[in-house]
Amino acid sequence: VLEATKQWWKVKNSDGFIGYVPSNIMHLLNQEEMLPSHVDNHHGFQYPPDADSHDLTKYSTPYEVTTWLQTKGFSRLTVKSLGVLTGSQLLSLSKEELKMITERDGHIVYSEIHG
């Protein structure tokens, strides 16, 4: 994060690209949030992931969001831009926010999510 003073934060990724993301999706991850979605840390057991499921849920990990975007045929730029988000983060974005992140596909991603 380069600048975190407004609703949209200025950030720089590991490749050196600079851009803006909504502040409501940025937070530091703790160890529990980094667990795969099929690990239920609150109940002390694991259940197998549904390998055939291509549904996006609020519990989807960034990997699962990336897979969902790829399965839907979105552009590499859209997959790279939105694939870093959890399902909860992606589902919380408005149509306008999605269009700001990925102008070309934002409205289509919104339609896929909200029908």
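Good morning. The model is predicted, so local features are given at pLDDT of at least 70 and side-chain atom pairs at pLDDT 80 or more, while totals for chains, interfaces and linings use all residues. Residues are numbered from 1 along each chain as its sequence is written, and side-chain values use heavy atoms, with hydrogens and water left out.

I begin with the overall fold. The protein chain contains five helices and four strands. Here helices (H or I, at least four residues) and strands (E, at least two) are DSSP runs, numbered from the N terminus. Along the sequence the order is β-β-β-β-α-α-α-α-α.

How much of the chain is buried? Of its 115 residues, 27% count as buried. Buried means under 20% relative accessible area, exposed means over 50%, and partly exposed lies in between, with a 1.4 Å probe and protein chains only. The chain exposes about 8100 Å², and carbon and sulfur atoms supply 52% of that area. Such areas come from the Shrake-Rupley method with a 1.4 Å probe; for residues, only the protein chains shown count as cover. As for contacts (heavy atoms within 4.5 Å), 36% of those between residues at least 6 apart in sequence join residues at least 24 apart.

Let us turn to the strands. Strand β1, residues 8–12, pairs with strand β2, residues 18–22, in the antiparallel sense over five bridges. Two strands pair if DSSP finds at least two bridges between them. W9 stands opposite V21 in β2. Five residues lie between the strands of this hairpin, and G16 has a positive phi there, near 90 degrees.

W8 is also part of β1. Is W8 buried or exposed? It counts as buried, because its relative accessibility is 17%. Leaving out residues up to four places away in sequence, W8 touches Y20, V21, P22, S23, E97, M100 and I101. W8 and N24 are 16 residues apart along the chain, and their C-alpha atoms are separated by 8.6 Å.

I now come to the core. In soluble globular proteins, nonpolar side chains tend to be buried together. A nonpolar core is a set of buried Ala, Val, Leu, Ile, Met, Phe, Trp, Tyr and Cys residues joined through side-chain atoms within 4.5 Å. The largest such core in this chain has 13 residues, of which W68, L69, L82, L90 and V109 touch the most other members. Two or more residues come from each of α1 (62–71), α2 (76–82) and α5 (106–114). The largest share, three residues, belongs to α1.

The arc is that of the directions from the helix axis to the C-beta atoms. L69 touches F74, T78, V79, L82 and G83, when residues up to four places away in sequence are not counted. After α1 comes G73, with a positive phi near 85 degrees.

How many aromatic pairs are there? The count is one. W68 and F74 form this pair, which is tilted, at 6.4 Å centre to centre with 35 degrees between the planes. By the rule, rings of Phe, Tyr and Trp (its six-membered ring) pair if their centres lie within 6.5 Å; planes under 30 degrees apart count as stacked, over 60 as edge-to-face and the rest as tilted. Both W68 and F74 are buried.

Next is helix α5. Its buried residues are G106, V109 and I113. They cover an arc of only 65 degrees around the axis, which puts them on the same side of α5. These buried residues pack against α1, α2, α3 and α4. G115 follows α5 and has a positive phi, near 70 degrees.

Two further residues complete the picture. T102 lies in the loop between α4 (95–101) and α5, and it counts as buried because its relative accessibility is 5%. Apart from neighbours within four places in sequence, T102 is in contact with T78 and L82. S81, in helix α2, is partly exposed, with a relative accessible area of 24%. S81 and G19 are 62 residues apart in sequence and 9.9 Å apart in space, C-alpha to C-alpha.

Thank you for your attention.
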